[in-house]
Every structure is written in C-alpha cells, then in structure tokens.
Amino acid sequence: METDKKKDENPLKVNRRHFFSQLSVGIGSLALGSLLIPDLFKGAGTKDGAAQALGIPHFAPKAKRVIYLFQAGAPSQLESFDYKPALQKRMGEDLPESIRGGQRLTGMTADQDKFPLMPSAAGFGQYGQSGTWISDYFPHIAGIADEITVVRSMHTEAINHDPAITFFQTGSQQSGRPSMGSWMSYGLGSENKNLPSFVVLTSRGKGNSQGLYSKLWSSGFLDSKHQGVLLRSGKDPVLYLNDPDGISRSDKKHLLNEVSSLNRLHHVETGDDEIESRIAQYEMAYRMQMSVPDVMDISKEPRSIIELYGEDCQVPGTYAANALQARRLAENGVRFIQLYHQGWDQHGNLPNEMAGQARDVDQASAALVMDLKQRGMLEDTLVVWGGEFGRTNYCQGKFDPKDYGRDHHPRAFSIWMAGGGIRPGLNYGRTDEFGYNVIENPVHINDFHATLMYALGLDHERLTYKYQGRRFRLTDVAGNVVEDLLA
C-alpha cells in the first residue's frame, strides 16, 4: 500500500531514468559538452553534416528579407521581357523541328499538326540607361528599368502547373518539402517576435486561375513554427485569431498560461518537440492579436503612397493592396513575404487577358520597388517577380493574330529581381531568335534558389535538415550561385 501511495505522488510519472535523460540537455551538460567537444557549437553546418548554427548567417548578408511577387499561371515572356522581332518576320511559319528538338509537349498541343509562330501582340521599347526591352503592357515597370535585373534565361523541367509551382516554391516537383520561406525562417529566424517570420498574401486576377494550395507555404518536415501564415483580406486577416465575445485579454492570457503549463508538463512526459512548437504558436497568436491589425491598417498612409500604388491599394484583397501590405510587413521585420497573383494561364485570348493581368500588377509592382528605395529599404530587401515557367512561341489552337493563346514552355522564360544585393540595370541570359531555347547563361531553379540564399547570407549547401536518414536542403543536390547577378 505504501508503495502504491508513493507512485500516486508522482503525477507526471517521471522515473529516475527519465529525469536524468531530461537533465542531460540542461545548461550544465551543454557547457560540459562544449569542453569535451570543442566543435560542438561551431555551427555552420559543414559539408560532413555538422550542426547548423540557426539564426546566424554563414557570411555577411546583402539582404535581410525577401518579397516574392509570384505570378501564378506563368506570364508569357514574349509579351513581357523577351523581345523577339524575328517572330514578326516569320509569323505563321511552322516552328522548325531543329529548334523544338523533340521537346515534350502538354496534352493541349500534342495533337497539333503544325506549330505556327506567333509574335507578340504587345509592342516593345527600350528603357533606362540599361536599354532593357520591356513590353507596352508594363509601362510602370519600364519606369524602373534601371532598378531591376531581368533574367531571360530561366529554365525548369516541369511542364505542368502543379509540379512547376511546387518546384519553384520548395525545390522539388513532389509535394512534402519545406517551402523556401520556411527554409529562410529556419535558417535566419525572425526579426519581430510579434509577427511570423513567413507571411503569405494572395490575390486573383480576371484571367484563367490555377489553384493555390497550402502545401506551397508548408514547413514540410521542418518545425511547424516555420510554416507560412496566410493573411486574408477583410475583417479577420487570420482565421480564429480574435477572441470570442465575452472573453477579455486578461482572460485569454490566463487561459494561454494554463494551456502552456499543461503542454509543458506533457512535453516533459513525452519528449515530443512539436509540443514546444505548439506552445510557441499559441503565444505568437496572442501577440498577433495586437500586431496584425496594426500592420494591416493603411489608414495612416499618406495620400502620396496611395497614389503611388494606385487606388486599388485601398481595396482589400487586390494585388495593389497586398503589395502595400508587403512593404508594411517588411518594415515590421517579417523575413519572407510571398504574394501570389492568380490568373496568368493564357491558353487563349492572350492579348486581352494578359493586358488585363498586367494592369493588375504593373503599377503596384513598380511602386513597391520605388517605395522601398525612398525608405532606404531596397538595399536590404530582395524583390522577385515571375511565374513558374514560360510560354510557347507558337500559337496554341487556331491561328489568329488577334486572338491567340500560348501553351506551357519550361525551356526558357523571364523573371526580374531588384534590391537586396542584386546588380541593378542588368540584362542577364539570352534566348535564340525564336525565344525557344536558352543560348547564353542558363539559370535553373536550383541556381535561382542558391543565389537567393546567398543574398541572405546563407550557403545553400550548408543549410540542411536531417530527415528520414538523409540531409535535405532547398537546392536538393544541385544549384550554383549566379555570381554575375550579385552587386
């Protein structure tokens, strides 16, 4: 009976062995470990798999944060940033087989007997001292030509939307890997304890929209605290964040303290590290109740800023509103801000639909770059604009110069970057006269990721995470930093 009573006095069921196993990660043991193994806390995961010192860049960063303006659906490079006058001269001619080279086609054009070349419906001009060719669809971006670097030699293996966008966001065509924003959060941590380090904003254009899924901002096998937080338009930017009626802030704080105490007791009993993440997320949600509404409130923005971004920035859920929110999040210490704008999938009616899509994003994209620059933030904020692949130089379906579409094209497409240690006013890479194949300075998605990480002070080969017996990284087993892009 006495033995049973003593057992009952130990409600946590912590035995001697479990107690000392927990104690082994205490401060004293860590200090002893550092004496016995001098390199234990050296960090900077070396090539042989040593531990990464998280929250500390590997070398001096050029950028502190990223704003990624992702154009979901893949805008045509031939109507935006890759001027090909030869297509005008050869309009309607069949794409030479020597150029196509037996490339894999999608099911939407695989049955076509011919692939008639189609020039851009948009005119082009050269802008800035850089002489960057930009289409008439993007007059505001043309106005910042000397602030941006256009990369015309991007390429990928993915030919359909889901694997292609997943590849860009996670470094793999298969689902389940951490997104790049999660990798940055994992490697560098947060600059503001009251806001997530990784935030996602979405908007929808008038064109054909591919779906967006939470896997694109998932933390995958990383700690769940690194997952992107989706901020919605409207009264409740984050679902279930507000307190129910009748619950005061003090009541909520008391409740969270009690829940945290129970979770910590459970953590001691089970050793499940995910419980610690759950505690941190509860506490973050509590702090976000005050911080998020303040960040999302643009009522104090001066009229000059509203005019810079355009009147749509006052309409929640628009691309312009999200671009302005991105600047506000950046100046409040959010590490990685991802905007997705849907509607770029122009398989038909491209001249009308793409012109409309461009109007949605052109002014606000340029405004974001100018706004960051005038605040002294562009030099340490890396802005990226682009989609998941390019578009074919031939017409999909019926040949009609006034009403045509373009199919998916992974071999060559364009993006642009600005700020954050990227050389301004650069035109990098080149495609052939047909705009079909890269012929100079190819940049693969793995190279893009490696370069982006380098700008943030991270060595893409050293930021790893061991999972299921293998060390994973954003660039998988490939990728080279494109040093020519760096200032």
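Reader: What percentage of the protein chain is buried?
Author: This is a predicted model: local features need pLDDT of at least 70, side-chain atom pairs count only at pLDDT 80 or more, and totals for chains, interfaces and linings use all residues. Residues are numbered from 1 along each chain as its sequence is written, and side-chain values use heavy atoms, with hydrogens and water left out. Buried means under 20% relative accessible area, exposed over 50%, partly exposed in between (1.4 Å probe, protein chains only). Of the 487 residues in the protein chain, the buried share is 52%.

Reader: How many helices and strands does the protein chain have?
Author: Helices (H or I, at least four residues) and strands (E, at least two) are DSSP runs, numbered from the N terminus. The count for the protein chain is 14 helices and 17 strands.

Reader: How many residues are in the second, separate core?
Author: Its members include F168, L212, L382 and L426. The size of this second core is 50 residues.

Reader: Which residues does W416 contact, leaving aside neighbours within four places in sequence?
Author: Contact means heavy atoms within 4.5 Å. W416 is among the residues with the most contacts inside the largest core. With those neighbours left aside, its partners are F81, I141, I148, T149, V150, S365, V369, V383, V384 and W385.

Reader: What separates the C-alpha atoms of F336 and S185?
Author: F336 lies in strand β7 (residues 336-342). F336 is buried, at 0% relative accessible area. Not counting residues up to four places away, F336 touches V66, Y68, M180, G181, M184, S197, F198 and V199. S185 is 151 residues away along the chain, yet the C-alpha separation is 7.6 Å.

Reader: Is S179 buried or exposed?
Author: S179 sits in the loop between α7 (161-170) and α8 (180-188). Beyond four places in sequence, S179 touches Q169, T170, F198, L216, W217 and S218. Its relative accessibility is 1%, so S179 counts as buried.

Reader: How many disulfides does the structure hold?
Author: A disulfide is a pair of cysteine sulfur atoms within 2.5 Å. C313 is buried at 3% relative accessible area, and C395 is buried at 0%. The number of disulfides is 0.

Technical notes
A nonpolar core is a set of buried Ala, Val, Leu, Ile, Met, Phe, Trp, Tyr and Cys residues joined through side-chain atoms within 4.5 Å.
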